[in-house]
Every structure is written in structure tokens, then in C-alpha cells.
Amino acid sequence: MDYSPPPEDSSMLGTQFRNIPLTLSQDITSLDTQPQRIPLPQKPRRVSRNTRRPLAIVLLLSISLLIIVSATIIVPVLKTRSVVPNPTLTPRAVATSTPTPTPIFDPDQGAVLPTHRVVAFYAVPFAEPTGPGYEPTDTMLAALRQQGAAYEQLDPKHPVQLGIDLVVSVPDGFPGPQNSYSHHVDAGTIQSYIDFCSKNDLLLFLDLNFGLSPIMDEVKFFLPYLEKYAFVHMAIDPEWMFPRRNGIPGVNLSNVRASDLNPIIEAIAEIPMQFHVPRKILIIHQYRPDGDGLKDPSDPGQAEIADKRNLLFDPRVDVVIHVDSVGGYPGDIQDKKLQYSEWVQQDMEKYSNFLYGGFKLFYQHEAKIRLMTPKEVLSLDPPPMVVTYGN
């Protein structure tokens, strides 16, 4: 069986999808001679892609132009704002206290030498034959002031500082409990002299004679006085000193070496900066020649200080080589002047390890012939900066 549409229907399908253009000038009645065909409604035309493209381009150009204009105007403004510094606020001044710097201690301040001359009385406490300083009394003080005034009148450029040279380590002719042939002055007596000196503006030299006692043990026993009191100094007397335990004080002659004395110099040199006291004086008594240049400088019969050239020089302590010989015989003044010339003037120039000379006189012993006057003492070269008087 044939299901094909009739021929007429087939021709209508072909006509149905044919576009029939209409114009305004065409009269629809002209078509009534033909069978009338009803056109199907046409689908709206799609906008061509060719029409959208120009619009998109224009839109993109507009946006780009807007971006360019914005970048040209806005970005510099932003840059300008970022470059302009913010105003600096000046902080208000706040009053603060400036800490006062701690002054550096100067041991030269208040030091006795070289601006003053020391005039002192020597003694073992309560032993009148040893010297006028044997007892701290007003009578003793008046005599000391009178003696000091004689020197200050001759040399006012060096005001006199009065003092007492007190033997506190006393030599003995017997061994004693420590087998040291020496003993200490009791602490109460030492304190009475300290109080007396403090009250009357006097220096106090603690004089050590040692005997057979170990040197630094003896020194360290008395160092606390130097550490505590600015006016307390030290003296040592090698005449009574036997560091090798090879003699008895008052019986044998002694001989010491620089290595025995230098530790004392070092110990005293440390005191001023550590304890904030003025520079200290160390008196080294010299009773007999030194051994430099001798064949056997350690022979006690020839020399008291074997190698004086090796004494330590330390500017932190004022070492005084103090001529300690005793006159009282014809020609004693000339002998003592010669000793001072050799042991002080010449050794000072040769060794350059001490700066000051000292000189001792004995009221009773030397007055048997004639006691040197202060003027004669100051005529020594260099003039002694420490002058002591014994009996």
C-alpha cells in the first residue's frame, strides 16, 4: 500500500517554506485570479554576529579609555599622597635628672710627698732611751712642733707634716714563743698612738724590725692600719731583719736582698686605689753600705742591702732611703754627710728606683759632740724630705 501524500499536498509543502516578499506597491487583489495562499508567519530574524562585533569593540575602547584616564589622573595623586611625609610630632621635653658621674679616685690628692717635708720623732713605746716619741703626750707634741717649725722656716715651700716613727715590731735578744726574736706592740698601745695622731694631725709610721719573723706575714699583720687610716704609713729597718734566719738581732749583722724588700713595696703600692687613701710612704732605713759592686754583696760584714740596684720602683708608693747611722764621735757629721751622698744622692742617680732621701739625728748620742742643725740637714743634696729624731 502506498502511503505517499497526494501530489497537491506535496506541492503545497514546497510552497509553504518559500518566502514570498511583499511590497507596498503590490495590490493584494491582483492575486485573486490565482488560488489564495496563506503565508505562514515568519520567524524573527537573528541579529547578525557582524552587527555585535562593532558594538563590543566600541565598548572595549570606552573602558580602556576610562582606565587610561583614571590611571593618568588618580595614580599620580595617590603617589603624591604617599610621598608627602606625615607631619612629625615633636615630643614634649621631659625634665630628667642627669646622673652625676662618679669621680675617678686620685691617690695623688692628699699625698704628703713631694709637696711637704716630714719631721718625726722616733721611739719604741714606753722606752725613753729609744727616742722622744716614746709616749704620746702634750709635752712631746710641743717639742715636735718646735722642731718642725725650724725646718718650715728655712723652707716654706715645703710645709712640714709632723709625725711619729713608732717601732711596733720590736727586735728581741731572745727567741720568744714563736722563735722569731721579736714581738708586737699590743693593739691597745698602737690604737692610743693612732688616736693621738688623728687628734693632732700627725702622721704615724709603723716601723717593722722583723727579727726572724717571715717578712710578709709580719707586713700583712700591720697592713690593715694602712688600709683604714690615711695618715698611717710604714717603715722597715733591715738592720734587725734576718729573712734567712742566719743571725740574732743585736748580736749579728744582717744582710737583706731586694727580693726581700720588693714584696713589701708591691703590697703597699696596691693600697691607695683599693682602699681610696692617699699614696703611702715607705721608709727603708739604711745603717750600713749596700753591696752593689762588691765581690760578695751578701756578706753582712760588708753590706746591709746586697743588691740595692734591684729595688722595685713603683710610682704608687713613695720609697724613702733613710740614712740611719749614729754619730756621737769626732768627725761624725762628715761621715754622715758622706753616707748620705753615697747611699742617697749617688744611688738615686745610678739606680733611679727611689725618689726621696731621709736622714736621722740623735738628740742625746750626737749632742755629745754636736748635733747637726736643720740648716745643715737641708744643705744635703738633695735636701731630705723625711727627717727623724731619736735619742
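Q: How does the lining of the second largest pocket divide by class?
A: The lining of the second largest pocket has 10 nonpolar, 4 polar and 4 charged residues. Keep in mind that this is a predicted model.

Q: Which residues lie nearest the centre of that second largest pocket?
A: Y122, T130, W240, K360 and F362 lie nearest its centre, out of 18 residues that line the pocket.

Q: And which elements give two or more residues to that lining?
A: Two strands do: β2 (160–171) and β8 (356–362). The largest share comes from β2, with 3 residues.

Q: How much space lies in the second largest pocket?
A: About 340 Å³.

Q: OK, cavities now. How many of 30 Å³ or more does the structure hold?
A: The structure holds 1 cavity of that size. About 40 Å³ of space lies in the largest cavity.

Q: What lines the largest cavity?
A: Its lining is made of F313, D314, V317, D318, V319, N353, F354 and L355. By class, that gives 5 nonpolar, 1 polar and 2 charged residues.

Q: How does anyone find empty space in a model?
A: A probe the size of a water molecule is rolled over the atoms, and this shows where empty space is left.

Q: Switching to V118. Where is its place?
A: V118 is in strand β1, which covers residues 117–123.

Q: Is V118 buried or exposed?
A: V118 is buried, because its relative accessible area is 0% and buried means under 20%.

Q: What does V118 touch?
A: Leaving out residues up to four places away in sequence, V118 touches V112, Q161, L203, F205, I281, M385, V386 and V387.

Q: How far is V118 from G358?
A: Along the chain, V118 and G358 are 240 residues apart, while their C-alpha atoms are separated by 9.2 Å.

Q: Which residues of the largest nonpolar core touch the most other members?
A: Y151, I164, L204, L206, M234, I264 and L282 do, in a core of 83 residues.

Q: Take L204 from that list. What does L204 touch?
A: Not counting residues up to four places away in sequence, L204 touches I164, L166, Y193, I194, C197, F231, V232 and H233.

Q: Last topic, helix α5. Where is the kink?
A: The kink lies at F222, shortly before the proline P224, and is about 35°. Helix α5 covers residues 215–228.

Q: Which residues of α5 are buried?
A: The buried residues of α5 are I215, E218, V219, F222, L223, Y225 and L226.

Q: Why would residues three or four places apart in an α-helix point the same way?
A: An α-helix has 3.6 residues a turn, so residues at that spacing point the same way.

Key. Residues numbered from 1 in each chain as written. Predicted model: local features only at pLDDT ≥ 70, side-chain atom pairs only at ≥ 80, totals over all residues. Heavy atoms only, no water. Core = buried A, V, L, I, M, F, W, Y, C linked by side-chain atoms within 4.5 Å. Buried < 20%, exposed > 50% of the residue type's maximum accessible area, 1.4 Å probe, protein only. Contact = heavy atoms within 4.5 Å. Bend = angle between axes of the 7 residues up to and from the residue. Helix = DSSP H or I, 4+ residues; strand = E, 2+ residues; numbered from the N terminus. 1 Å grid on protein atoms, 1.4 Å probe; cavity = no way out; pocket = protein on both sides within 12 Å on 5 of 7 lines; lining within 4 Å. Points joined across faces, edges and corners; volume = space filled by probe spheres on them. Nonpolar A, V, L, I, M, F, W, Y, C, P; charged D, E, K, R; others polar.
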